[in-house]
Amino acid sequence: MTDENTTVAQLRRAVQDFSAKRGWTDGENAKDLAMALAVESAELLEIFMWIHSDRADSVRDDGRAFGHLREEAADVFWYLVRICEHFDIDLTRAVCDKAEKNAVKYPAR
Ligand SMILES: [Mg+2]
């Protein structure tokens, strides 16, 4: 599976199936999912902690740090998908609606 050959719906299904088969969706609640998303976002941020902003892109050249970044990006996506599933949010539609709203608020130059 890659971005090029996978739809958002396919990836959502994969995340939900994986989670359900491990009982992770049993008793799930919005607060815990939102907290998990925030924690995973913080773990992603932690990778850049104490790195000067001018050098933040150097994470790309550090195999260990870059691997960690990939994993935390996946974790963030994972919980975003689970929140969307929990509330039956169509993520694609939500992103498009928000882009439309932002286009009015922030017109292109
Ligand atoms: Mg993590």
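Student: Is the crossing of α2 and α3 left-handed or right-handed?

Tutor: In this model, which is a predicted one, the crossing of α2 and α3 is left-handed.

Student: Which residues of α2 and α3 make that contact?

Tutor: On the side of α2 the contact is made by A30, L33, A34, A36, L37, E40, S41, E43 and L44, while α3 brings L69, E72, A73, D75, V76, Y79, L80, R82, I83 and H86. Sorted by class, the residues of this contact are twelve nonpolar, two polar and five charged.

Student: And at what angle do α2 and α3 pack?

Tutor: Helix α2, which covers residues 30-46, packs against α3 at an angle of about 160°, and their axes are 9 Å apart. I give you both an angle and a distance because two packed helices are described by the angle between their axes and the distance between the axes.

Student: What does that make α2 and α3 to each other, roughly parallel or roughly antiparallel?

Tutor: They are roughly antiparallel to each other, because angles over 145 degrees count that way.

Student: OK, what about α1 and α3, how do their axes cross?

Tutor: The axes of helix α1, residues 8-21, and α3 cross at roughly 90° and come within 10 Å, and α1 and α3 are therefore roughly perpendicular to each other. R12, V15, Q16 and S19 of α1 make the contact together with W78, V81, R82 and E85 of α3. By class, that contact has three nonpolar, two polar and three charged residues.

Student: How far does α1 reach from end to end?

Tutor: Helix α1 has 14 residues, and from its first C-alpha to its last it reaches 20 Å, which is close to the 20 Å expected at 1.5 Å a residue. Just after α1 comes G23, a residue that takes a positive phi of about 75°.

Student: Is W50 buried or exposed?

Tutor: W50 is exposed, because there are 5 other C-beta atoms within 10 Å, and a residue with 12 or fewer counts as exposed.

Student: What about D88, where is it and what is its phi?

Tutor: D88 is found in the loop between α3 and α4, and this residue, which is not a glycine, also has a positive phi, of about 55°. With 6 C-beta neighbours inside 10 Å, D88 counts as exposed.

Student: Moving on to α4, how many of its residues are buried?

Tutor: The count of buried residues among the 15 residues of α4 is zero, and the helix is hardly covered. Helix α4, residues 91-105, reaches 21 Å from its first C-alpha to its last, close to the 21 Å expected at 1.5 Å a residue.

Student: How far apart in space are D57 and L37?

Tutor: Their C-alpha atoms are 23 Å apart in space, while D57 and L37 are 20 residues apart in sequence. D57 is found in the loop between α2 and α3, and with 10 C-beta neighbours inside 10 Å, D57 counts as exposed.

Student: One more, where does F77 lie, and is it buried, exposed or partly exposed?

Tutor: F77 lies in helix α3, residues 63-87, and counts as partly exposed because it has 16 C-beta neighbours inside 10 Å. F77 and L11 are 66 residues apart in sequence, and from C-alpha to C-alpha they are 10.0 Å apart in space.

Conventions: Residues numbered from 1 in each chain as written. Predicted model: local features only at pLDDT ≥ 70, side-chain atom pairs only at ≥ 80, totals over all residues. Helix = DSSP H or I, 4+ residues; strand = E, 2+ residues; numbered from the N terminus. Buried ≥ 20, exposed ≤ 12 C-beta atoms within 10 Å, placed from the backbone. Axes fitted to C-alpha atoms, helices over the stretch in contact; angles between N-to-C directions. Parallel < 35°, antiparallel > 145°, perpendicular 65-115°, else oblique. Left-handed = near helix turned anticlockwise from the far one by under 90°. Contact = placed C-beta atoms within 7 Å. Nonpolar A, V, L, I, M, F, W, Y, C, P; charged D, E, K, R; others polar. Expected span 1.5 Å × (residues − 1).
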